Amino acid sequence: MIDASAHPLLQLRGITKRFPGVIANDNVSLDLFSGEILALLGENGAGKTTLMNILYGLYMADEGEAVLKGVPVRIHNPRQAIDLGIAMVHQHFMLIPTLTVAENIILGDERTRGPLLDIQGAEQEISELARQYGLQIDPHARLQDLQSGGDWPGLRARGSAF
Amino acid sequence: MRVRELTGLRPWIFPLCLLLGSLFFGAVAAYKAPNLFSGPVIVAMLAVSVSRATPLVYGSLSGIFCERSGVTQIAIEGMMLTAAFFAFAVQVATHNIFIALGGAMLAGALMGAFHAVLSITFQVNQIISGTVVNILSIGLTGYLNRQLFLFDQAIDVTVFPQLPVPVLADLPWLGRILFSHQPLTYVALLLPLMAHVWLFHTTWGLRTRAVGEHPLAADTAGINVYSIRYLNVIVGGALAGLGGAYFTLESIPTFQPLMTNGRGFIALAAMIFGKWTPLGAWGGALLFGVAEALPVTLQIQGVTVNYFLVGLLPYVLTIIVLAGAVGRASPPAAIGLPYDRR
């Protein structure tokens with residue numbers, strides 16, 4: 001499937017990120033091709049998450065650049081990353097306990113009916129998706145009221161489902 | 001259950017307040033002035049309560065706008081005082097009460113912007129930033145008032161007139177309590193409902209709650225934490241400005257140093273009483289409004305209870321609320337914490 005002669009979909013070139021007292025990424029480069037699934041392996045503190053956070057705009061690299069479809073991009077924030085088609089499923093839950101399941105999922109990409117949020121529409125769609133994948137999710141439940149481990153994993157699909 | 005969901009309050013709190021209030025009222029009435037228990041007196045007192053609650057409503061909503069986005073708002077008092085002064089000063093300059101109202105909102109918004117710059121951009125401790133605004137406002141308004149108006153005898157300014165709502169004002173009881181007020185009070189009766197819809201049913205409101213609970217999660221969802229916080233603190237300042245306008249455009253047509261007299265902090269207590277929900281804060285503001293109207297009513301009725309003692313009621317109530325008598329306060333999780341992404 002991978003055509004080696006094709007241009008990489010995404011390139012990271014010479015990414016360096018320093019935190020006070022530690023170099024998290026030291027001149028890291030990688031190529032990612034269309035259709036490829038790439039795993040970064042490394043022990044704790046190797047800098048995997050830092051690299052992904054840089055790609056997602058949560059951190060700014062001190063040196064180096066990202067090239068997306070041949071065009072150098074400077075990603076300043078997650079909004080920009082999302083708009084460029086980069087989604088991230090975080091290691092730790094990036095979810096808000098006081099909001100409902102539906103509110104957590106639509107956050108950042110809200111659909112509205114007139115001036116108001118279309119929560120009901122979102123809840124219906126989530127219920128349907130959940131049924132499709134055999135998940136037990138009540139979209140109207142607050143996250144803090146759910147059993148962690150039991151009901152939560154389905155929410156990891158957040159980045160990909162919507 | 002519904003009450004709790006909407007206001008964050010335990011449902012029994014309202015009947016309890018009513019019961020305590022009427023017990024106190026009844027005791028005083030039986031003891032000093034039997035007249036106090038009559039319908040017209042109670043209606044008059046409730047009407048005064050609604051009016052007195054006005055700055056508290058604006059103030060508590062100001063707190064909700066700021067604190068729901070994660071910025072501590074103890075500067076309601078200072079923003080109100082500044083706005084009260086500028087409402088007066090602008091009216092003196094322009095003789096137009098509507099421009100004066102705009103001036104009050106602008107003054108509040110500017111104080112809000114100042115608080116925002118300090119606490120969001122420069123990440124100053126937000127309690128200190130709020131204290132800076134409070135102290136600055138006392139100095140600023142005191143100085144300008146002295147420089148501009150101390151020896152000026154011929155100041156011609158006015159307050160908003162009473163505007164009874166046609167038909168509704170003629171309703172028995174309710175007409176007097178709700179429908180015979182000045183404009184800022186009417187707006188204060190509607191604003192909590194609008195704020196409720198805003199906070200729980202709009203994109204901006206949802207993002208506000210997200211940013212105040214877990215800014216990193218909101219950021220990863222593509223929300224600009226800084227712009228939401230700036231916007232909310234500035235709008236919160238403008239709301240406090242409307243509350244300040246009450247003092248010089250509705251209450252009395254003149255400015256006096258320190259005239260807000262702690263109302264900003266009582267508004268803060270009303271917000272906490274309502275667990276950071278607009279409808280709950282509204283209930284809190286009305287309760288404090290009753291506490292403020294009570295001494296006035298007693299005085300008018302010629303009850304010889306020490307005025308200053310009864311006048312302490314709102315402040316004592318504030319202490320009780322802030323000490324947690326209303327149940328565990330559950331502020332937004334990220335309150336007071338500057339957001340820093342590196």
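This is a predicted model: local features need pLDDT of at least 70, side-chain atom pairs count only at pLDDT 80 or more; totals for chains, interfaces and linings use all residues.
View 1. B:F85 is in helix α4 (residues 76-94) of chain B and B:F255 in the loop between α11 (225-251) and α12 (263-273), so the pair ties together parts 170 residues apart in sequence (helices are DSSP runs of H or I, at least four residues, numbered from the N terminus).

**View 2. The tryptophan pair B:W198 and B:W204.** Here the ring centres are 5.4 Å apart and the planes at 80°, so this pair is edge-to-face. B:W198 is buried at 9% relative accessibility, while B:W204 is partly exposed at 29%.

**View 3. Where chain B meets chain A.** On chain B, 20 residues are in contact with 30 of chain A (heavy atoms within 4.5 Å). The rule finds two salt bridges across the interface (side-chain Lys or Arg nitrogen within 4 Å of an Asp or Glu carboxyl oxygen). One joins A:E110 and B:R207, at 2.7 Å, N to O. On the chain B side, α9(B) gives the most, with six residues.

Residues are numbered from 1 along each chain as written, and chains are lettered from A and ligands numbered from 1 in written order. Local features need pLDDT of at least 70 and side-chain atom pairs 80 or more, while totals for chains, interfaces and linings use all residues; side-chain values use heavy atoms, without hydrogens and water.

Notes:
Helices (H or I, at least four residues) and strands (E, at least two) are DSSP runs, numbered from the N terminus. Rings of Phe, Tyr and Trp (its six-membered ring) pair if their centres lie within 6.5 Å; planes under 30 degrees apart count as stacked, over 60 as edge-to-face and the rest as tilted. Buried means under 20% relative accessible area, exposed over 50%, partly exposed in between (1.4 Å probe, protein chains only).
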